[in-house]
Amino acid sequence: MYLVLVYALYVLLSLIWFRLLRLGGLHRLRVPGTVFLTFDDGPDPEYTPRLLEVLARHGARATFFVVGERAARYPEVLRQIAEAGHEIGIHNFRHTLNFLSLPWMTARDAEEAARVVEAITGRRPTLYRPPWGALGFVDYLLLRKKFTVVFWSLTMYDWQATCTVLWLKWRFLSYVSSGEIVLLHDSGRTFGADPEAPGRSLAALDAALTLLREAGVSFRFSSLSEGLAATARGERIPDPPRRLRHRLYFAFERLHHAVLRYTPLLGADGLLYLERGLYSGPPLIVRGRTLLSPGDPGLNLHFNNELLFSALRNETTTLRHMIQLKRLADQSLRLLAHYIAEYAPDVRGVYGLSALHRGIRAFGFHVLPTRGTLWERISGAYMLWLLGFLHPEGMRRLCEGGDVIPRWVALSREELEARHGVRSVERSERSSLGPTGPEKPTPERGGGGG
């Protein structure tokens, strides 16, 4: 009985250490402009060749964590992966939970899978990912002698039967950003997975990468070894200098976003967070036309303040800062228009209360005065404080530039779609991605996995 309790505690502490705290192993690579696609549980004779075609069409390189017995069963598919220039790691010889075997047996199982891959491809794998991301402390100490242990920072939950193509597409577009290690699957033949799930994953990935290119988002999709080499060369996303008060504020803001379930676009690289609900402000009327009335379904737009802070601290000139923000705004609004067209059919418009409204008319937004309500005054005071808090020179420089009084900004659904590139033919293609159905609750970024 005591041994069972001790082992249960060992399992719990291991999961907390590796999965919750992300200590030990590789969870993310802070390489600028680069995303790392990884695929587990293959090779699969049906889905892996189709996945290779999708990756080739988008010029993407990926890392495949293969199951040893499946590699031995489908050696020709494994060779296709290697010949296409992708990286191959291992995922045990059999897809079994590491906590169900002794640590030295796990190490022997991994070594057997590595020998199979080396015999087929002529190259010994150096990367190891534990099935379901479950790894004990002793497992890690044994495996790290021969392999780099890899986890992930963003999971797509793509093995589940309930995930539609459309949901998978917008989960990817919402949370993907530079440095993310994305967990996907090219086989559905493991315990708990839907056998047809990889087909939906392929369709969603193809659609997402196509839209990223159309929106002007220029991510590189590289293998993990390429990312490790870039990190060794010193290629790293810079961290702006932050005082303790900045760190505490952004920790609070991340918690605030999580609790209220704001949806980002492009994760940490995106300019916007979306709050979906019923509009509760004053009627927003432009030239006799009502854009939004109280009770209308809408999207409340929130800026990614952490990204704005980084841009203000890292850019050396005001011109470069303005160019960067314009590029981010163009990308974000293009994605936002598609998000509404495909995933929010009831939304009538987008809106926000913002002090950053100078120049926003260039993107089609209408700028409207506030009514002086108590909520507007409190929100406005907070925004002005936040601008001074984020800007390296405080409020003085901001006030020198002109009007910083908070105002309503709004754009109707029709204006957004027309101005930012959602064509009628694109809207008609939504059916090929499957019905949206009721919106699925947004899961956590790092959970699950196979």
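**Stop 1: Arg 419**

Begin by selecting Arg 419, which lies in helix α15, residues 413-419. The model is a predicted one.

**Stop 2**

Move to Pro 43, in the loop that runs between β1 (34-40) and α2 (47-57). Display the backbone here: the peptide bond leading from Gly 42 to Pro 43 is cis, and its omega is near 0°.

Now select α2 together with helix α4, residues 75-83. Their axes are 10 Å apart and the packing angle is about 10°. Angles under 35 degrees count as roughly parallel, and α2 and α4 are therefore roughly parallel to each other. The crossing in which α2 passes α4 is left-handed. To view the contact, show the side chains of Thr 48, Pro 49 and Leu 52 in α2, which meet Val 77, Gln 80 and Ile 81 in α4. Sorted by class, this contact of α2 with α4 comprises four nonpolar and two polar residues, with no charged ones.

**Stop 3**

Select Tyr 157, located in the loop between β6 (154-155) and α7. Its phi is near 55°, a positive value in a residue other than glycine.

Continue to α7 (165-175) and α8 (197-214). At what angle do α7 and α8 pack? The angle is about 45°, and the axes are 8 Å apart; the two helices are therefore oblique to each other. Here α7 passes α8 in a right-handed crossing. On the α7 side, the contact is formed by Val 165, Leu 168, Lys 169, Trp 170, Phe 172 and Leu 173. The residues contributed by α8 include Arg 200, Ser 201, Ala 204, Leu 205, Ala 208 and Leu 212. By class, the contact of α7 with α8 has 13 nonpolar residues, one polar and two charged.

**Stop 4: a cavity**

The structure contains two cavities of 30 Å³ or more. The second largest cavity has a volume of about 50 Å³. Select its lining: Met 156, Asp 158, Leu 168, Lys 169, Phe 172, Leu 184, Ser 201, Ala 204 and Leu 205. Which elements give two or more residues to this lining? They are α7 and α8. The lining residues of the second largest cavity divide into six nonpolar, one polar and two charged.

**Stop 5: helices α10 and α13**

Finally, select helix α10 (residues 244-260) and helix α13 (residues 374-390), whose axes come within 12 Å and cross at roughly 135°. That angle makes α10 oblique to α13. The crossing of these two helices, α10 and α13, is left-handed. Show Arg 245, His 246, Tyr 249 and Phe 250 in α10, and the residues they meet in α13: Tyr 382, Trp 385, Leu 386, Phe 389 and Leu 390. By class, the contact of α10 with α13 consists of seven nonpolar residues, one polar and one charged.

Terms used
Residues are numbered from 1 along each chain as its sequence is written. This is a predicted model: local features need pLDDT of at least 70, side-chain atom pairs count only at pLDDT 80 or more; totals for chains, interfaces and linings use all residues. Side-chain values use heavy atoms; hydrogens and water are left out. Axes are lines fitted to C-alpha atoms, for helices over the stretch in contact, and angles run from 0 to 180 degrees between N-to-C directions. Helices (H or I, at least four residues) and strands (E, at least two) are DSSP runs, numbered from the N terminus. Angles under 35 degrees count as roughly parallel, over 145 as roughly antiparallel, 65 to 115 as roughly perpendicular and the rest as oblique. A crossing is left-handed if the near helix is turned anticlockwise from the far one by less than a right angle, and right-handed if clockwise. Contact means heavy atoms within 4.5 Å. Ala, Val, Leu, Ile, Met, Phe, Trp, Tyr, Cys and Pro count as nonpolar, Asp, Glu, Lys and Arg as charged, and the others, Gly among them, as polar. On a 1 Å grid over the protein atoms alone, a cavity is a set of points where a 1.4 Å probe fits but cannot get out, and a pocket is an open set with protein on both sides within 12 Å along at least five of seven lines; lining residues have an atom within 4 Å of a point. Grid points are joined across faces, edges and corners, and a volume is the space filled by probe spheres set on the points.
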